Amino acid sequence: MAYKTIDEANQAVAAKIVAGSPFLLDVVPAKSVIPELNEGKVLLHAGPPITYDKMVDPIQGACVGAALFEEWCETEEEARKMLESGEVKLIPCHHVNAVGPMGGITSANMAVLVVENKTDGNRAFCTMNEGIGAVLRFGAYSDEVITRLRWMRDTLAPVLSAALKTKEDGLNINVLVAKAIAMGDEFHQRNIAASLAFLKEMAPIIVGLTEIDQTKREEVVQFLADTDQFFLNIMMASAKAVMDGARQIQEGTIVTAMCRNGYEFGIRIAGMGDEWFTGPVNTPQGLYFSGFSEADAAPDMGDSAITETFGVGGMAMIAAPAVTRFVGSGGFYDALNTSNEMTEICIDTNPNFPVPTWDFKGICLGIDARKVVETGILPVINTGIANKKAGLGQIGAGTVTPPIDCFEKAVLAYAKKLGFTE
């Protein structure tokens, strides 16, 4: 070990998280920054590795939608046959420096956000938020969904790309996060302040892009104004970039990724590099839209728990008391108790992001897998709840926790690596 103790290694990883400096640079076709997407029919998915037959219906539906979007086929039946035959290669987003919301399905010609952690020089990618209603991330694949994805590729992405290129160094995401956390966002289920702050940065620039058709500029500004969760995907790519920078230190027990694929929940810790430690996913608990119940809910899915890994989302519930009612977790004091409890499994707080409603204490920093196992306290993740049937979309919002198996396996594996166990 380069560090004398596990605690020392963990502090070094945490220091790199604090030092992380994510900047949004561009919006580009995924295949231009992820080489693996140029190797035939390839789809990226959320969570640890999985085969198509084990995917829940919404994720299979998203795969169908991506196949139709890419024009690999013309009908749902042809798409499913192609997917069932193994003709399409499936790769976890995390394996190619990317993250994806809910199903996480990403294909070559989808537009992705490009975020660079300027501290370590590494980049991360994420698709853009599609808005609400029938959307690919929840497994919808109707003509409406495909048409929107193509508009995002052909209009939204080029306009945002042109706007971002007017900024020499890109858009400083830490600045937006610090602003929005003081305005009541926790960056998983509530992103309205950050999305508006992003719009505030982009709108004047977009208006001035006179070389682009006015109708397209108006459409983009309207879409950003309408999409309260637009910043979530920026936050995901930023958290991924920072956590990947931090895990360049391959020692210690700090959690560097948490993700789900509807079948398994997976985590990584710094000291075990790329290895996944998995357990069965849970089903979120929360509030359901009228007419739906837990019986309609799909199991937990998505890479968006990278936000909690970074220290926001459910870990920062106290920053967004308004969201507690939306996710069915009580009121202000419940949010306070949740965040206080989360400090018991983290090694410190992050001074970059003080939370006014927490007496300006910084967000949680560095989930220690050892502390999770020792205390039995599990990270709280805020999440949307998908209908278990593809194409029916979001049916509620709530919270979910990982299975403790993941953390026990990770700690035992690291102990074995250090020679502590046989």
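1. Helix α4 (residues 143-164) and helix α7 (residues 214-226) have axes that come within 10 Å and cross at roughly 90°, where helices are DSSP runs of H or I of at least four residues, numbered from the N terminus, and axes are lines fitted to C-alpha atoms over the stretch in contact, with angles from 0 to 180 degrees between N-to-C directions. That makes α4 roughly perpendicular to α7, a term for angles of 65 to 115 degrees. This is a predicted model, in which local features need pLDDT of at least 70 and side-chain atom pairs count only at pLDDT 80 or more, while totals for chains, interfaces and linings use all residues. Residues are numbered from 1 along each chain as its sequence is written, and side-chain values use heavy atoms, with hydrogens and water left out.

2. The contact (heavy atoms within 4.5 Å) involves Trp151, Asp154, Thr155, Leu156, Val159 and Leu160 on α4, and Lys216, Glu219, Val220, Phe223 and Leu224 on α7. By class, 7 of these residues are nonpolar, 1 is polar and 3 are charged; Ala, Val, Leu, Ile, Met, Phe, Trp, Tyr, Cys and Pro count as nonpolar, Asp, Glu, Lys and Arg as charged, and the others, Gly among them, as polar.

3. An open sheet of 3 strands runs in the order β11-β16-β15 with antiparallel pairing, where strands are DSSP runs of E of at least two residues and two strands pair if DSSP finds at least two bridges between them. The edge strands, each pairing on one side only, are β11 (285-288) and β15 (381-386). Between β15 and β16 (residues 394-400) there are 6 bridges, and Gly384 has Ala397 of β16 as its bridge partner.

4. The largest pocket holds about 460 Å³ of space, a pocket being an open set of points on a 1 Å grid over the protein atoms alone, with protein on both sides within 12 Å along at least five of seven lines. Its volume is the space filled by probe spheres set on the points, which are joined across faces, edges and corners. Lining residues have an atom within 4 Å of a point, and of the 25 here, Gly131, Ile132, Arg137, Gln229 and Gln394 lie nearest the centre.

5. The whole structure contains 4 cavities of 30 Å³ or more, a cavity being a set of points where a 1.4 Å probe fits but cannot get out. The largest cavity has a volume of about 180 Å³, and its lining divides into 10 nonpolar, 5 polar and 2 charged residues.

Notes. Parallel < 35°, antiparallel > 145°, perpendicular 65-115°, else oblique.
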